[in-house]
Amino acid sequence: MYFTLGVETTILFKAWTVETVAGLITSCIAVCVIAFLFEAIKALRMILDDLLQPERDTRDSSEVQADHSEKTPILGDDGDSPQMCSLAHGVQTVCHVIQLAVAYSLMLIMMTYNGWLAISILFGAGLGYFMFGGQMSKRAMTVGRTKSK
């Protein structure tokens, strides 16, 4: 297999067939936006994780103060609602599934071996990282400091 710079290609679905230069340009813009959104979803998941961190910290400190009787890992201290069934975990799960679907779609687009589409993916992901990477870098530095303490 090798990359080509041709115009005619099929992207993901039989209905998304490109036959003209205008269609290819439109498709490249759409793919670029999808790659950009992939990076935005990654940053959103980190932001959500940071927002839920205080909730986890208070839960962890209350677990230390609670008696040390055996409990299943799913149940909370009071036997109330399971952590896996919380709204926050549900939102994180939905974001993860969306991120996974977008990632596999981008991989399949890359596997069309169309150079223009590949460049669009790289440009969109690079632009997305440029826009949202500061959030990820800031979080990595914060996590590194808290783990070392």
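1. **What we are looking at.** This is a predicted model, in which local features need pLDDT of at least 70 and side-chain atom pairs count only at pLDDT 80 or more, while totals for chains, interfaces and linings use all residues. Residues are numbered from 1 along each chain as its sequence is written, and side-chain values use heavy atoms, with hydrogens and water left out.

2. **Confidence.** The average pLDDT (the predictor's confidence in each residue, from 0 to 100) is 81 for the protein chain, and 70% of the residues score at least 70. Among the elements, helix 3 has the lowest confidence, at a mean of 81, and strand 2 (residues 17–18) has the highest, at 96. A reminder for anyone zooming in: where pLDDT is low, the predicted coordinates should not be read in detail.

3. **Layout.** The protein chain has three helices and two strands, in the order β-β-α-α-α from the N terminus. These are DSSP runs numbered from the N terminus, with helices being H or I of at least four residues and strands being E of at least two. Taking contacts (heavy atoms within 4.5 Å) between residues at least 6 apart in sequence, 68% join residues at least 24 apart.

4. **The core.** The largest nonpolar core has 13 residues, and those with the most contacts inside it are I11, V31, V102, L106, I109, L117 and I121. Helix 1 (21–65), helix 2 (87–110) and helix 3 (115–148) each supply at least two residues of this core, and helix 1 gives the most, with six. By core I mean a set of buried Ala, Val, Leu, Ile, Met, Phe, Trp, Tyr and Cys residues joined through side-chain atoms within 4.5 Å. As general background, nonpolar side chains in soluble globular proteins tend to be buried together.

5. Start with V31: leaving out residues up to four places away in sequence, V31 touches W16, L106, I109, L117, S120 and I121. Then try I34, also found in helix 1. I34 counts as partly exposed, at 28% relative accessibility, and beyond its neighbours within four places in sequence I34 is in contact with V102 and L106. The C-alpha atoms of I34 and L106 are separated by 7.8 Å, with the two residues 72 apart along the chain.

6. **The salt bridge.** The partners are E39 and K42, with the closest N and O atoms 3.4 Å apart. Both lie in helix 1, three residues apart, about one turn of the helix. E39 is buried, with a relative accessible area of 6%, whereas K42 is partly exposed at 25%.

7. **Surface.** The protein chain exposes about 10,300 Å², and carbon and sulfur atoms supply 68% of that; accessible areas come from the Shrake-Rupley method with a 1.4 Å probe, and for residues only the protein chains shown count as cover. L12, F13, L100, Y104, M107, L108 and M111 make a nonpolar surface patch of about 690 Å². Patches are made of residues with over 30% relative accessible area and no salt bridge, with like charges joined within 9 Å and nonpolar side chains (Val, Leu, Ile, Met, Phe, Trp, Tyr) within 5 Å. L12 is partly exposed at 33% relative accessibility, and M111 is partly exposed at 46%.

8. L12 has a positive phi of about 65 degrees although it is not a glycine. Y113, another non-glycine, has a positive phi of about 60 degrees. Y113 is found in the loop between helix 2 and helix 3 and is partly exposed, with a relative accessible area of 23%. N114 has its place in the loop between helix 2 and helix 3 too, but N114 is buried, at 2%. Neighbours within four places in sequence aside, N114 is in contact with F3, T4, G6, T9 and L24.

Terms used
Buried means under 20% relative accessible area, exposed over 50%, partly exposed in between (1.4 Å probe, protein chains only). A salt bridge is a side-chain nitrogen of Lys or Arg within 4 Å of a carboxyl oxygen of Asp or Glu.
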